[in-house]
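Dear colleague,

I am handing over the structure we spoke about, and my notes on it follow directly below. Please read them with the model open beside you.

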Amino acid sequence: MNDFFYGWYLKCQSATQTLAVIPAVHQTEGKRTCSIQIITEDDAWTVKYPADALRRNRKMIAIGDSQFSESGIRLAIKKPNLNVNGELTFGDLSPLKYDIMGPFSFVPFLECRHSVRSMRHSVCGTVRINGQTCAFPSAWGYWEGDRGRSFPKEYIWTQCCFSGGSLMLSVADIPIAGFHFRGIIGVVLWHGREYRIATYLGARVDRIGNGTVRVIQGDMQLDAKMLEMTKRPLMAPKKGNMVRTIHESAACRARYRFRKGGRTVFAFETDRASFEYEYPL
C-alpha cells in the first residue's frame, strides 16, 4: 500500500488540565514524513519531521528527541513557535480483553483500523509548553491508535476518564466494497469490568445529531452529549496525506449516561470530556 498512516493518541487528564499528544507516520505517493501534534484545552500545534527523524521498535516510537512508550512520554520540541519539554510516567496499562475491531480486524481494505492500548492508567509528571506548565501530580491516561489510509468522512469520537472508570465511543461512516454502513465501537470500563458496545455485537445507533449520540446493544444503552465545544484544529490523514483539518475539544463539557438491564449504572456531567464531532451539528 503506497498511501498510509499510523499513529498513537496519548491523552493525560487531571481534574484541572488535559494534554493529548499524537505521534504519527504518514506516506503519500511514496514520500514518508512524521509529525507530532500537541493538543491542550487552549491551543493545538502540529510539528512536522522528515522520515529519518523516526526511530521505533515493538515498544517505543521516537520522533526527533521525543519518545513514546508503555512507560510514558518524553517531550523535547524546540521550534520557532513551539517549545515543549517534560516527562510523564505511566502506571500499569489497562488493555482490552481482545481487539476493539473484533472480526473486522480480519477484513481487508478498510480505510481506517482502530486500536485501544489502555483504557485507563495513572500519569505523573510535568510538561512545559511555551513557558506554561501542565502538571499531572496524580492524573489518568488513555491510549489508542489508528492506522490505514484515511479517517472516516463522518464520525463521532468521545473519551473520558472519570471516578471509577473510563469510556470511549466512536460512531463512523464506514465505506467497504462499494457500500457504506454506520459502524460502532465503544468500551465502558467500570470498576474493573469491561462492557463492550460494537456493531459486530449487535449495537445500533438510536439517536445522533445536535452534539448527541445514543447507542443501544441488548440491555445496554450509552448516551453522550457534548454541551460546550472547545474545539481546536488538528491535522488528519486523507489517503495518507495529512491535509484534512478536523476539530477536537480536548476538554469540554459533556454529559454521559450508561444503562444496563433497565437501571442507570452511572450518569454524570463533566468538563473533562474529549470530543470530535465530525457530523453536521
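**The largest pocket**

Strand β10 gives the most to the lining of the largest pocket, with five residues; strands here are DSSP runs of E of at least two residues, numbered from the N terminus. Please bear in mind that this is a predicted model, in which local features need pLDDT of at least 70 and side-chain atom pairs count only at pLDDT 80 or more, while totals for chains, interfaces and linings use all residues. Residues are numbered from 1 along each chain as its sequence is written, and side-chain values use heavy atoms, with hydrogens and water left out.

A pocket is an open set of points on a 1 Å grid over the protein atoms alone, where a 1.4 Å probe fits and protein lies on both sides within 12 Å along at least five of seven lines, and its lining residues have an atom within 4 Å of a point. The volume of the largest one is about 350 Å³, taken as the space filled by probe spheres set on the points, which are joined across faces, edges and corners. Its lining has 20 residues, and those nearest the centre are His-114, Ser-115, Val-116, Gly-145 and Arg-147. At least two lining residues come from each of β1 (4-13), β10 and β11 (132-148).

**Strand β9 and its neighbours**

Strand β9 covers residues 82-90, and its covered face carries Leu-82, Val-84, Gly-86, Leu-88 and Phe-90, whereas Asn-83, Asn-85, Glu-87 and Thr-89 are on the uncovered one. With β8 (residues 72-79) it pairs in the antiparallel sense over eight bridges, where pairing requires that DSSP finds at least two bridges between the strands. A hairpin of two residues joins β8 to β9, and Ala-76 has Asn-85 as its bridge partner in β9. β9 also pairs with β10 (residues 112-129), again in the antiparallel sense, over seven bridges, and there Gly-86 stands opposite Val-127 of β10.

**Cysteines**

Counting as a disulfide any pair of cysteine sulfur atoms within 2.5 Å, the model has zero disulfides. Cys-134 is in none, and the nearest cysteine sulfur, that of Cys-12, is 9.5 Å away. Cys-134 is buried, at a relative accessible area of 9%, where buried means under 20% with a 1.4 Å probe and protein chains only. For Cys-161, the closest cysteine sulfur is that of Cys-160, and the 6.7 Å between them is too far for a bond; Cys-161 is also buried, with a relative accessible area of 5%.

With best wishes

Conventions:
Buried < 20%, exposed > 50% of the residue type's maximum accessible area, 1.4 Å probe, protein only. Helix = DSSP H or I, 4+ residues; strand = E, 2+ residues; numbered from the N terminus.
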